[in-house]
Amino acid sequence: MVKKLQRKFALSEQGAKDLIKGILAGTLQNIAFMFPVGLLYYLVGDLLRGGVSGSRAWFYGIGSLLCLLLILGITRLHYDTTYLATYVESGVRRISLAEKLRQIPLSFFGKKDLADLTSTIMADCTFLETAFSHFIPELFGSMISTVLICISLFFFDWRMALAALWVAPVSFAIVAFSAKVQERLSQKSMDAKMACADGIQECLETVQDLKANNAEEYYLSGLDEKIKAVEKRAVINEFVTAAFVTSAMLILKLGIATVALAGSALLINGSLDVMTFFLFLLVASRLYDPLQSALQNLAAVISTRANIARMNEILDHPVQEGVNGLTNDGYDISFENVSFAYNTGDTILNGVSFTARQGEVTALVGPSGGGKTTVSRLASRFWDADKGRITVGGMDISKVEPETLLSLFSIVFQDVTLFNNTIMENIRIGKKDASDEEVLAAAKLANCDEFALKLPNGYHSDIGENGCELSGGERQRISIARAFLKNAPIILLDEATASLDVENETSIQTALSRLIKSKTVLIIAHRMRTVAGADKIIVLSEGRVAEQGSPDALLNQKGIFSHMVKLQTENQHWTLT
Ligand SMILES: Nc1ncnc2c1ncn2[C@@H]1O[C@H](COP(=O)(O)OP(=O)(O)OP(=O)(O)O)[C@@H](O)[C@H]1O
C-alpha cells in the first residue's frame, strides 16, 4: 500500500505514510462533525417528549464540551498530518529531485529543455504541495467518511438511507468518468504551458540576436500564439471541469430533496417516525458538504497525475553508477575503439583510438564538428561511450563514480559558466576549501590581477549573473584560475585561450606550461599557434582519427594538419581592401 502510494504520487516512504494518516485524519474530522448532529437529534427527542431534565441537561452540556474537544483535537491532528507533513515532504521531494539531477548523465539534459526542468522542480513541486496539503486528503477523507456515515444510516432505516445514498455512486461515477477526460485535457494544457515557457525563456536568452536581426516583431508574434494557446487550453479546462463538477454537485444536492420526499411519503403512510425523519434531514444537510468542497478541487487532483508523471520521469531515470575508489596506475588517458552518438542517433565518434600520455600535451585538432569536444566530454564521463573503452591509468572510467573520476580532472570549457558572486568565490569553485591566499595565487597565475584589481572591490567585486559584467577573455581567465586552484593531475582545455588577445594568450600559455608539468594534458584548439608546443597531435575528422603523431611528423605527412597550418599561416597575411 505504502509502496503503491509512493509510486502513484511520487512520494517518499514517510510522505506516503503521512498521506495515509492525513486521509484518516480527514475522515475522522468529517465523522467528528456528525457527533453534534447526534446530540441535536437526542435533544430534539427530549424536547418533543416534554422537556430536558436536570441529568439530561448535564448530559448535553458535557456531551457538547466533549464534541468540542474531540473536534479541536482531531482538527489539530488533521493539521499536523496534512499541512505540516506536506511541507516536510515537499522539501524532501525537492532535495531528492535535485540529488537525482546531480547523478543523471548529461544525455538526459539534451532530451529535456531547461524550461521544462525548471518547471518540474519549481512549479510542479509547488502544485503538488498544495494538492497534498489541501485537495487529496480532503477528497479521499470525504469519500471514506461519506461511505461510512451512509452505511451507519442503514441501521436506522434502510429506505431512508437509500434515499440519501443513491447520489453518492452516481456522483462518483461522474467523477471517475471526468478523470479520464480531464487527464487528457490537463496534459494538453501542460504541453501548451511548456511551449509558452520555452518561448519566453528563448526570447529572453536571445534578445540580443533578435534585436540585431530586426526579428523581434516576427518572434513576438509567434510567442503571442503560444500565450493564446495557453489561454485557450485554460478556458477549455475550466469549462469541462465546471461541467463535470457542477453535474456531480447538483446530483449530490438532489440527495437532500430525495430524503425530504421519501421521508414525507413514509411519514404520511405511517411507516416512519418523526425523529428518524428529522435525523435523516439533519444528516443530509451536513453529509454532502465535505464531498462538495472536495469536488470543487477535483480538476487539481486529477491534473496532479501529469505533474507526477513528469517528476517520476526524472526520479526513474537511470543514473551513472560506479565505484568510489580509484584504481588507476598513472594518468594516461586511452581511447580504445570508441564509438558514440548523442540522443539524435547520428554517429559522432566512430572507432576512435589514441592515448594521451601523462607528462605530455596531446592536442585535438580538426575541422569544426569533427568530434573534439565530444572526445573531451567522454574522457571526463559527462557522457558514456556507446562502444569501446576509455581508461585513465588503466582504470575503465565507466566503472568509476562520475564525481570521483572528476576529482582527477581540471577542465576549462569553451563556454565558461560563472555564478552571480564575487570573483574570489567564482575561483574558489575549483577547490571549495581553498584559503584566500591560495585563491589569490591561482588568480595571479591566470592573469586575473590585471582586471580584478581595477574593480572597486578588487577580487571581492560581484560580477553579475553569469559574469555579465566581464569580457569574454576575463571570464575565461577566471575559469583558468579555477583549474590552477584545483591542480588536478589531468587537464582538459577546450579552446581555453580562444577569447584572449595575443598578449594575454602568450602570458597564459606561459602560466599553463607551469600548470601542466608532469600532467596529462588534452588541449582542443582551432588555432595552430596554440598547439605548436604539443607533444602529440590527434586530428579528428568526421568522428574518426584521421592522423596522429608529433607536430613535425604530421607537417611532413602533408595531410589535414599540414593543410590547416598552411591555411592559418596564409590567413595571418589577410588584409581588408
Ligand atoms: N549535445 C549534443 N547533442 C547532439 N549533437 C551534438 C551535441 N553536441 C555536439 N553535437 C554534434 O556532434 C558533432 C561533433 O561536435 P563537437 O562539438 O564534438 O565537435 P568539435 O570538433 O568540437 O567542433 P568545434 O570545433 O566546432 O567546436 C557535431 O555535429 C555537433 O552538432
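This is a dialogue on how to read some features of a predicted model.

Colleague: What pLDDT does the chain average, and what are the ipTM and pTM scores?

Modeller: pLDDT is the predictor's confidence in each residue. The chain averages 84, and 95% of the residues score at least 70. For the model, ipTM is 0.97 and pTM is 0.68.

Colleague: How many helices and strands does the chain have?

Modeller: There are 22 helices and 10 strands. Of the 577 residues, 33% count as buried. Among contacts between residues at least 6 apart in sequence, 77% join residues at least 24 apart.

Colleague: Which residues does UniProt place in the feature "transmembrane region"?

Modeller: The unreviewed UniProt entry gives residues 20-45, 57-75, 139-156 and 162-181. Such annotations may be inferred rather than shown by experiment, and the model can be set beside them. Residues 20-45 are 92% helix and 0% strand, with their end C-alpha atoms 38 Å apart. For residues 162-181 the figures are 95% helix and 0% strand, and the end C-alpha atoms lie 30 Å apart.

Colleague: In what order do the strands of the open sheet of four lie, and is their pairing parallel or antiparallel?

Modeller: Strands of a sheet pair through backbone hydrogen bonds, and the pairing can be parallel or antiparallel. Here the order is β2-β1-β4-β5, and the pairing is antiparallel. The edges are β2 (347-356) and β5 (395-396), each of which pairs on one side only.

Colleague: How many bridges join β1 to β2?

Modeller: Six bridges join them, and the two strands run antiparallel. Strand β1 covers residues 333-341. As one point to check in the viewer, S334 has T355 in β2 as its bridge partner.

Colleague: How many residues surround the ligand, and which are the closest?

Modeller: The shell is counted by a distance cut-off of 6 Å from the C-beta atom, placed from the backbone. In this model 11 residues surround the ligand, and the closest are Y342, S368, K372, T373 and T374.

Colleague: Which residues of helix α17 are buried?

Modeller: Burial is a neighbour count: a residue is buried if 20 or more other C-beta atoms lie within 10 Å of its own. In α17, residues 436-445, the buried ones are V439, L440, A442, A443 and L445.

Colleague: Which residue with a positive phi follows α17?

Modeller: N447 follows the helix, with a positive phi near 60 degrees.

Terms used:
Residues are numbered from 1 along each chain as its sequence is written. This is a predicted model: local features need pLDDT of at least 70, side-chain atom pairs count only at pLDDT 80 or more; totals for chains, interfaces and linings use all residues. Two strands pair if DSSP finds at least two bridges between them. A residue is buried if 20 or more other C-beta atoms lie within 10 Å of its own, exposed if 12 or fewer, and partly exposed in between; C-beta atoms are placed from the backbone. pLDDT is the predictor's confidence in each residue, from 0 to 100. Two residues are in contact if their C-beta atoms, placed from the backbone, lie within 7 Å.
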